[in-house]
Amino acid sequence: MKLYRTANGPVVELNELHYRVPETSWDALVTHSNLGEYLRGVIEKGETIENFSSGKIEAPIGSQEVWAAGVTYYRSRSARIEESKDAGGGSFYDRVYSAERPELFFKATASRVAGPGAHVRIRSDASWSVPEPELTLLINPRAEIIGYTIGNDMSSRDIEGENPLYLPQAKVYNGSCALGPCVLVSPEPLPAATPIRLEIFRSGQPEFSGATTLAELKRKPAVLVEYLFRDNSFPFGTFLMTGTGIVPPDSFTLQSGDRIQITIDPIGTLTNEVA
Ligand code: DO4
Ligand code: MG
């Protein structure tokens, strides 16, 4: 089941049929005692809607925070060591990749999140910016993973490379995050073979493409959730981005007008343009 947040309220999709969800509060859905069962009940009533328009899809977020895990793929570890080597930060990234405790950081509030088709942003004081395509967990207040969406952890590599203590500035700014297009509602983990693909187009032409799979993700989502919820509560639930395994070559930086497409097959494709 796919759950969309639209300008006309939540919509659930199964087998390409769309059903209006009577509960219109996104926060009430995320905190529901059994979201899957509730949505199956909506579908069983059989009241489909015609003319579901992808143009009306919004970011699947209400009062939830967005958190992120870092250096969860070997490719990210290598990229971070390289970008911070002049600042002497490299050994931190190597150590966190192997440590028991993961790197977790605050990423965004809803006002900083772009939905499908909306603009993401690069910082005006950054010179090296990249998208980070990440499987993103939706977790309810009881620390249960209730679904999966696609996230883009927009990042300023020159700023995080200059000093690891600049990470919040490299990661948190207006338009620094995109989520969508829907939440795949499922209590089951996604298969390890699930591919994540990133494509970047400049003036309509392919500029970069890359792919990885969840088999490359070093840490189990459930373990990341367990650390995030230690001494930390989320009354409206939270999103947790699970890290990037795709890093464009060091010569690449995003430009205004670039189109970023991230595909995780069971969820869909998240498309955003750089403002
Ligand atoms: O440590 C810096 C952040 C790394 C990150 O965002 C990632 O690996 O996805
Ligand atoms: Mg990231």
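## Charges over aromatic rings

In this predicted model, Lys 218 lies over the face of Tyr 97, at 4.8 Å from the ring centre, and the charged end of Arg 259 sits over the ring of Phe 201, 4.5 Å from its centre. A charge is taken to sit over a ring if NZ of Lys or CZ of Arg is within 6 Å of the ring centre and within 35 degrees of the ring normal.

The model is predicted, and local features need pLDDT of at least 70, side-chain atom pairs count only at pLDDT 80 or more, and totals for chains, interfaces and linings use all residues. Residues are numbered from 1 along each chain as its sequence is written, chains are lettered from A and ligands numbered from 1 in the order in which they are written, and side-chain values use heavy atoms, with hydrogens and water left out.

## Aromatic pairs

A search of the whole structure finds 6 aromatic pairs, where rings of Phe, Tyr and Trp (its six-membered ring) pair if their centres lie within 6.5 Å, and planes under 30 degrees apart count as stacked, over 60 as edge-to-face and the rest as tilted. One of them is the tilted pair of Phe 208 and Phe 252, with 6.4 Å from centre to centre and 40° between the planes. This pair links distant parts of the chain, since Phe 208 belongs to strand β15 (residues 205–213) and Phe 252 to the loop between β16 (238–241) and β17 (259–264), 44 residues apart; helices (H or I, at least four residues) and strands (E, at least two) are DSSP runs, numbered from the N terminus. Phe 208 counts as buried at 15% relative accessibility, and Phe 252 counts as buried at 6%, where buried means under 20% relative accessible area, exposed over 50% and partly exposed in between (1.4 Å probe, protein chains only).

Phe 229 and Phe 234 form another tilted pair, at 4.7 Å centre to centre with 55° between the planes. Phe 229 is buried at 16% relative accessibility, as is Phe 234, with a relative accessible area of 3%. Together with Trp 67 and Phe 106, Phe 229 and Phe 234 form one aromatic cluster.

## The magnesium site

Which residues coordinate the magnesium ion (ligand 2)? The ion is coordinated by Glu 132 (OE), Glu 134 (OE) and Asp 153 (OD), at 2.0 to 2.1 Å, with donors defined as N, O and S atoms within 2.8 Å of the metal (3.2 Å for Na, K and Ca); water is not among the atoms, so sites may look incomplete.

Along the chain, the donors follow the spacing E-x1-E-x18-D. Glu 132 lies in the loop between β9 (129–130) and β10 (133–139), whereas Asp 153 is in strand β11 (residues 145–153), 21 residues apart, and the pair thus links distant parts of the chain. Glu 132 counts as buried at 4% relative accessibility, and Asp 153 counts as buried at 0%.

In helix α7 (residues 221–228), the buried residues are Leu 224, Val 225, Tyr 227 and Leu 228. They are on the same side of α7 because they cover an arc of only 160° around the axis, the arc being that of the directions from the helix axis to the C-beta atoms. What covers these buried residues includes β5 (65–70), β6 (103–108), β10, β11 and β16.

Ser 76, in helix α3 (residues 74–83), is buried, with a relative accessible area of 3%. Leaving aside its neighbours within four places in sequence, Ser 76 is in contact (heavy atoms within 4.5 Å) with Val 71, Thr 244 and Val 247. Leu 165, in the loop between α5 (157–162) and α6 (167–171), counts as exposed at 72% relative accessibility.
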